[in-house]
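The sequence and the structure are shown first.

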Amino acid sequence: MGLGEWMGFPYEKNYTSRESQYLVCERQVVTEIIEHLEKNGDGPGENVVVDTTGSVIYAGDDIVSDLRRLTTFVYFPVPSEVQAQMLKQYIAKPRPVLWRGLFRKAPGETNEQALARCYPDLLRSRETLYQRYADVSIDYNLRHQEGFGVEDFLHDIIASGPAKRSG
């Protein structure tokens with residue numbers, strides 16, 4: 001919550017500089033993860049999950065390509081009806097979201113109106129990038145079925161994704 005409050009909304013004075021600072025930090029952390037994976041490999045019995053933020057797609061093609069080389073990128077598509085719920089949650093409880101220039105307030109619009117209008121564009125833009133990088137996609141309805149558990153999740157990833165080993 002503190003990070004979300006610090007970053008704030010895209011219409012606030014310091015948002016753009018904080019968005020840039022956040023992305024610099026994210027690039028540094030992901031670079032450290034890549035270096036760790038390259039150094040330590042995937043030795044016997046070692047299974048590693050890298051749970052990135054949703055904004056890892058903005059870290060740059062170089063970083064994302066390196067991470068993809070070492071891992072299997074799993075993408076969780078979100079249906080439009082769930083995206084509407086996401087907007088309500090975002091307005092109620094701000095969290096760090098990189099808008100990357102997709103927030104544009106129209107004349108006469110309130111901040112909330114502009115968020116409601118621009119947020120679907122942000123999600124569509126992100127969906128395009130996630131799809132571009134994904135090795136595997138796990139359907140929303142499938143992963144929310146009663147009884148769908150970790151074993152099902154791992155089975156779907158293994159069955160759908162390319163086997164990758166660090167070099």
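**Nonpolar core**

In this predicted model, the largest nonpolar core comprises 38 residues. Tyr58, Leu67, Tyr90, Trp99 and Tyr119 have the most contacts inside this core. At least two core residues come from each of helix H2 (15-40), helix H3 (61-70), helix H4 (80-92) and helix H5 (111-133). The most is given by H5, with 9 residues.

Leu67 is one of the core residues with the most contacts. When residues up to four places away in sequence are not counted, Leu67 touches Val30, Ile33, Ile34, Leu37, Thr52, Val56 and Phe73.

**Aromatic pairs**

The structure contains 10 aromatic pairs. In one of them, Tyr90 and Tyr119 are stacked, with 5.4 Å from centre to centre and 20° between the planes. This pair joins distant parts of the chain, since Tyr90 is in helix H4 and Tyr119 is in helix H5, 29 residues apart. Tyr90 and Tyr119 are both buried, and both are also listed among the core residues with the most contacts.

Tyr90 and Tyr119 also belong to a cluster linked by ring pairs, together with Phe9, Tyr11, Trp99 and Phe103. Trp99 is another member of the group with the most contacts in the core.

Gln83 is located in helix H4. Is Gln83 buried or exposed? Its relative accessibility is 14%, so Gln83 counts as buried; the cut-off for this class is under 20%. Beyond residues up to four places away in sequence, Gln83 touches Val78, Tyr119, Leu123 and Glu127. One of these partners, Tyr119, takes part in the stacked pair with Tyr90.

Ala114 lies in helix H5 and counts as buried because its relative accessibility is 0%. Leaving out residues up to four places away in sequence, Ala114 touches Phe103, Lys105 and Glu109. Of these partners, Phe103 is a member of the aromatic cluster, and Glu109 forms a salt bridge with Arg117. The C-alpha atoms of Ala114 and Val49 are separated by 36 Å, and these two residues are 65 residues apart along the chain.

**Salt bridges**

Side chains of opposite charge can pair when their charged atoms come close.

| Salt bridge | N to O distance |
|---|---|
| Asp62 and Arg27 | 3.7 Å |
| Arg68 and Asp135 | 3.0 Å |
| Arg117 and Glu109 | 2.7 Å |

The side chains of Asp62 and Arg27 meet in a salt bridge. Asp62 is in helix H3 and Arg27 is in helix H2, so this pair ties together parts that are 35 residues apart in sequence. Asp62 counts as partly exposed because its relative accessibility is 47%. Arg27, at 30% relative accessibility, also counts as partly exposed.

A second salt bridge joins the side chains of Arg68 and Asp135. Arg68 lies in helix H3 and Asp135 in the loop between H5 and strand E2 (136-137), and the pair links distant parts of the chain, 67 residues apart. With a relative accessibility of 24%, Arg68 counts as partly exposed.

Glu109 counts as buried, at 15%. Elsewhere, salt bridges that share partners join Glu38, Asp66 and Arg69 into one network.

**Loop and surface**

Arg100 is placed in the loop between H4 and H5. This residue is not a glycine, yet it has a positive phi of about 50°. Its relative accessible area is 40%, so Arg100 is partly exposed.

A nonpolar patch on the surface is formed by Val150, Leu154 and Ile158, which together have about 310 Å² of accessible area. Val150 lies in helix H7 (residues 150-160). Because its relative accessibility is 59%, Val150 counts as exposed.

Technical notes:
Residues numbered from 1 in each chain as written. Predicted model: local features only at pLDDT ≥ 70, side-chain atom pairs only at ≥ 80, totals over all residues. Heavy atoms only, no water. Patch = residues over 30% accessible without salt bridge, like charges linked within 9 Å, V, L, I, M, F, W, Y side chains within 5 Å. Areas by Shrake-Rupley, 256 points an atom, 1.4 Å probe, with all protein chains shown as cover. Salt bridge = Lys/Arg side-chain N within 4 Å of Asp/Glu carboxyl O. Helix = DSSP H or I, 4+ residues; strand = E, 2+ residues; numbered from the N terminus. Buried < 20%, exposed > 50% of the residue type's maximum accessible area, 1.4 Å probe, protein only. Core = buried A, V, L, I, M, F, W, Y, C linked by side-chain atoms within 4.5 Å. Contact = heavy atoms within 4.5 Å. Phe/Tyr/Trp six-rings, centres within 6.5 Å; stacked < 30°, edge-to-face > 60°.
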